[in-house]
Amino acid sequence: MAKLKNVIVILIVLAITGWSRMPIEQQLAEDLHELKLVPPRLSLEDRSRLKQKAFIATYGSLRPTIAAFMSSATTRPHSNQEWDKVEDSFEEILLLDPYNFHYWDMASWHMAYNAAIDKKSDESLTEVARNRVFERYIQKGKDIIDRGIEINPDDWRFQNLKANLEGNRFRNPDYPAAIETHKQMLTMPDLPYHAVRQANIRILFNTQNLPERHQEAYDIALELFARGGQYRTPIVLNQLFISNYHPLTIVESPMSLIEIYGSEQNALKHLRTLWRNRKQGPKIYGVEKMIKQLEKNTTLLDKKRTIYQNTEVNN
Amino acid sequence: MSVSPESFKKTSFISLARIGVIASHTFTQLVRMKVFYFLIAFVILLWGAKQVIFQNETGGDTSPEQELRLIKSTGFAAMNMFSMLLALSATALLIPKDIEDRTLYTILCKPVPRLDYLLGKLLGVLALIFVSLVAMDLVLCFFLDQKYSEIIDIQTLTYTRQGMPQDMIEAKLANINAHGVSINIHLASFAIFLKAIVIASIALLISTFSTSTLFTLILTLIIIVIGLIQSDAREYADTMAKFGVENQLSKISLMVAVFFPDLQFLSIEDGVIDGHAVPLSIMGRITILSLFYLAIYVILSWFTFRKKEF
Amino acid sequence: MNHSSNHALDAPFAIEIKDLVKTYRSSFKKETFKAVDKVSINIKAGEVYGLIGPNGSGKSTTMKALLGLISPTSGLCKVFGCDSTKVDARSEIGFLPENPYFYKHQTSSETLKFYGNLCGMRGKYLNNKVNELLELTSLTHARNRRLGGYSKGMLQRVGLAQALIQNPKLLILDEPTAGVDPIGSREIRDLIFRLKEEGVTIFLCSHLLEQVQEVCDRVGIIFEGQMVNEGTLDELTAIENQHEVILENADEGLLESISELVRQHSSSGAKIVSSQTPRSSLEKLFIDTANNRKNKKS
């Protein structure tokens, strides 16, 4: 009888104290999730996917540890090109450690780069099938990054990763999408300076790949040039030069070669590089002519650099 | 022989001195069981974690952070395991062992209130866990700092050789800084200690009415597991209540949320592993909530133990 | 002046047990078992009282009720006027359990210090007391050895020492000489006499009836939870119609004369029941032998 009384009293006390602490705990839990001090909740589906790992991983700090070991274990299926296994492993890893950018980066890289390229050269498939599978894996990579953005909306690296994939010329590029993603990234607060700079330059680079947006490319290059310092990259300088010669681009105050490049030597160096890579990009105006003109000045020529003399100049 | 009033002392309801005696005795008992040898295994484990180098595969530069995260996650996981096992087993074993060996008789036959005995035992276990966690925290910080210094040196050299502008180098190093030694490591260790406090007090409560050590261990373990998912149950019950939905699952979830402790809020080390800072206000709330659990379970333990017959 | 001490000064008895009943209930079968059934014992301060009875008769239950380890189902237990279930009562009690078991990881001096601390003793006073008790129980040579390495007899002596640590006014001993050799047993007996002279009340249980007979002023016999007999040893054990005379250096002639004298009074019913050479006890022989060997060595 006394034991039963004790049990009843204990249950009553636990019930009263439990009821009173619930709202406090709920508020604390929300604050902790907002500050990302605790991992996001696992849904029933996620738990069933993780199976015993979910059970183990619910105990603090084991989630990142298990994720780290699982990540190392993906080396084998990666080497064997077992992309389904790699994908499954990373799905679990991302459930376990969703605030770790490194795993999202790895997962999307495996899908959009490694798996996609592997499948593209898979001779057991027809060409149509290869292209289809190639696109599917690239899309998987993008989907992974999108999920990462959803869970980590404040981490600019995800936006950067997505934009780089969208703008990758070897991955069915979508330059307008890449530009928009980078612009979205630039609206985020507290971006590091180098990220802002890189994003702006990537926006210019992607805009350059859209011939119909030539005017926009020039405007961007001009703005970046005005910022000075690390912004005056070859991409910016070359765009200003090309725009001077573009038949449709409106250039209100054309800048001279020296104003753009600082010296003829510099101009020759950058223009030559641009000319070498010309097949990979849109048409570039005035470059060939300027290179020939600069090469007449033999003091600018570097005897070791014979690349131009050996390339096709009559296009 | 007459009994003088001076010799017949009134025993206070609670005495810090007496609690201290029992706590110190319990601490010594556990130390002489050589539990500190675990620290050797801990040092080896962290040394191993420090040797791991992640290859820079994707072309990004998150590998240095990964290496630091691995040391932190390994260290915190080991601290969690050790403190949980010790809190659970030491507390679950102590009282039944005293009863079985009848050493309890000789203690309770002195002017020792039962509450003092319970608190002394509990505090002795917690003192051991605290000392162990402080040592492990220092070891973790040592290895983390060593690795961090190595990484900073290597990365600075690498970035400089790559011709990276200074502001970019600084920004990248700032990312690595977030994973170095900071006060957040100590706060996470303290949170692990708070978790051990809650687990030990649960084990204490169960051991006051349990008839066997094995039962105490199993039941406490079950409560811990439920406690780790209690927040999910509470969230579900709360959501269903907001929508005005009441089904069997929501009722069960509510019962779980009311009767079982929430251990999830004490697992802030995950956030520290990710490099997030722990605001002191959050730490304060976590501490108060943990001490609330401690108070409730100790009071209930005393309530059960005060009339227990031997 | 507190209430309990007022009560103590007025209390005529060190231990007052009145109509003590203790019933145990089995969890599943709901059967009840009466371990102690209306036991009443009053022990005056300074008295040595022995409680004897077969195994399972209720001796331990009575002791536990006095020590507050169990609560009486009905009846009352008081120690120097204080309810035995209150913690205050235990400040004047020293208890030696049957087959005492202490923490193996401690040495005997640590053990005594631990119990002394629990009684509120500190510092030099406690250290002196520990030394004194170790000396008393012949454990000085083993004071720094952990109890895990002690023999049963040594543990028994540690138990006695911890029972005495706070200079209790009441000593409760459960089988105090169990597992102790005859020399140690004799020493404990002598100690009990000494404590009695100092006015300490002693309540003991033992199966060694000879020893109970030697030390106790009064004895109670408990059987199946009930007190069946109680009184002084003289009252309980004297054979009223017999008288013992022990002669030394009596020759055969004298013995014959005494036998003749008794025959002359046979009409009153007197007779010689036995006439023989008295025997020394085996215990005395053991002790004398041990002492002789000790003296030879020294």
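In this predicted model, Ile172(C) is in contact, once its neighbours within four places in sequence are left aside, with Met63(C), Leu66(C), Leu67(C), Ile93(C), Phe95(C) and Phe203(C). Ile172(C) is also one of the residues with the most contacts inside the largest nonpolar core, a set of 185 residues in which Ala87(B), Ala196(B), Ile199(B) and Ala200(B) are listed alongside it. Helix H7 of chain B, which spans residues 183-209, gives the most to this core, with 18 residues. As general background, nonpolar side chains in soluble globular proteins tend to be buried together.

At the level of domains, chain C is divided into domain 1, made up of the segments 46-67, 85-223 and 230-237, and domain 2, which covers 252-297. The C-alpha centres of domain 1 of chain C and domain 2 of chain C lie 35 Å apart.

Turning to the interface between chains A and B, 45 residues of chain A are in contact with 49 residues of chain B. On the chain A side, helix H1 (2-34), helix H4 (62-73), H7 and H11 each supply at least two residues, and H1(A) gives the most, with 19 residues. Sorted by class, the side of chain A that touches chain B has 26 nonpolar, twelve polar and seven charged residues.

Within chain A, helix H9, residues 156-166, is mostly covered, with eight of its eleven residues buried. The buried residues of H9(A) are Phe158(A), Gln159(A), Asn160(A), Leu161(A), Lys162(A), Ala163(A), Leu165(A) and Glu166(A). What covers these buried residues includes helix H7 (101-120), helix H8 (127-151), helix H10 (175-186) and helix H11 (193-208) of chain A. Two of these covering helices, H7 and H11 of chain A, are also named among the helices that supply residues to the side of chain A that touches chain B.

Notes: Residues numbered from 1 in each chain as written. Chains lettered and ligands numbered in written order. Predicted model: local features only at pLDDT ≥ 70, side-chain atom pairs only at ≥ 80, totals over all residues. Buried ≥ 20, exposed ≤ 12 C-beta atoms within 10 Å, placed from the backbone. Helix = DSSP H or I, 4+ residues; strand = E, 2+ residues; numbered from the N terminus. Contact = placed C-beta atoms within 7 Å. Core = buried A, V, L, I, M, F, W, Y, C linked by C-beta atoms within 7 Å. Nonpolar A, V, L, I, M, F, W, Y, C, P; charged D, E, K, R; others polar. Domains from an automatic or database assignment.
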